[in-house]
Amino acid sequence: MNQEAVIKFIIILFGSILFSQSVPYFDAKKAYDYIVEQCDLGPRYPGSPGQESFRIYLTEFLSKQKSDTTIYYEHTIKHPYEDKNVKLYNFLSRFNLQSNNRIMLMAHWDTREIADRDANPENHDKPILGANDGGSGVAVLMVLAEIISNNELSNIGIDLLFVDGEDMGRSGDIENYCIGSTKFCEVIPEPEPQHAICLDMIADHDLSLPVEYYSYIQAPFLVKEIWAIANEMGYTQFKNELTGPIYDDHRALYLNSRIPAIDIIDFDYPHWHTLQDIPENCSEKSLKIVGEVMCEYIYRKDYENK
Ligand SMILES: [Zn+2]
């Protein structure tokens with residue numbers, strides 16, 4: 001090591017010792033179990049029995065957390081492809097409401113009604129379990145809710161948004177994706193979050209998180225900050241390279257509210273929109289990587305904003 005490298009090493013070491021004392025432990029095993037519990041309820045697309053079961057489950061879970069408030073939103077919409085109405089349910093848990101310096105973390109909890117990318121065409125009209133697509137982001141948010149409940153924030157506020165109706169669109173129909181987050185934009189409460197981070201499909205065994213294009217356009221400062229933290233922690237799965245645009249909740253949120261938002265997403269999941277999107281194809285280790293980075297980010301921000 002040359003002198004510069006040694007100094008850099010010492011700074012990183014000192015930094016990690018400093019923060020390791022104040023950043024709570026992220027229990028990835030628990031996150032994995034939350035994926036299993038969601039999948040045990042069956043597919044959770046709008047109008048399904050699983051949607052109703054998870055709505056009840058999440059209501060109860062969030063009522064046990066020490067947030068200042070949990071706002072529960074119900075939106076009746078017309079099903080985009082069927083002649084019926086369905087209900088969408090969004091949940092917003094708000095921690096440290098005194099702070100105007102707020103960050104929102106969001107994940108969609110609905111699952112796709114059709115396995116339209118399944119290798120077997122006979123499965124194309126069957127619903128997926130959404131262990132990774134839906135389940136993984138929600139699982140990390142649930143563990144974070146427990147962490148923040150037990151490790152009170154002093155300076156910043158965190159909002160956790162569990163959003164419904166992300167995955168109703170058919171291929172190409174962008175306006176029928178992200179319906180829940182678009183509805184949320186009509187009712188965002190004060191104080192509004194300053195920026196937002198969306199977690200989606202973060203549990204692939206082979207985790208790969210390049211920078212999604214809209215994220216970089218909408219909130220470059222946030223991308224740089226989070227990818228730098230991840231790399232500092234040794235998590236090279238957060239790749240410093242750009243990938244194409246993905247219309248996800250972070251995009252709908254930004255377009256409808258102007259809140260700068262990014263997406264942490266692994267769009268390389270081989271089981272995407274297939275019947276194989278099941279817990280066995282999810283990894284506790286990947287959940288640990290994303291969960292730890294989020295935890296580090298939240299508690300660093302809290303510390304920095306003293
Ligand atoms: Zn999806």
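The structure is a predicted model, in which local features require pLDDT of at least 70, side-chain atom pairs count only at pLDDT 80 or more, and totals for chains, interfaces and linings use all residues. Residues are numbered from 1 along each chain as its sequence is written.

The protein comprises nine helices and eight strands, assigned as DSSP runs (helices, H or I, at least four residues; strands, E, at least two) and numbered from the N terminus. Its radius of gyration, 19 Å, is close to the 19 Å that the globule rule gives for 306 residues, so the protein is as compact as a globular protein of that length; the radius is taken over C-alpha atoms, and the rule is 2.2 Å times the number of residues to the power 0.38. The C-alpha trace spans about 65 × 40 × 35 Å along its principal axes. Of the 306 residues, 45% count as buried (20 or more other C-beta atoms within 10 Å of the residue's own, with C-beta atoms placed from the backbone).

Val163 lies in strand E4, residues 157-163. Val163 is buried, with 29 other C-beta atoms within 10 Å. The C-alpha atoms of Val163 and His108 are separated by 4.5 Å, although the two are 55 residues apart along the chain.

Definitions and conventions: A residue is buried if 20 or more other C-beta atoms lie within 10 Å of its own, exposed if 12 or fewer, and partly exposed in between; C-beta atoms are placed from the backbone.
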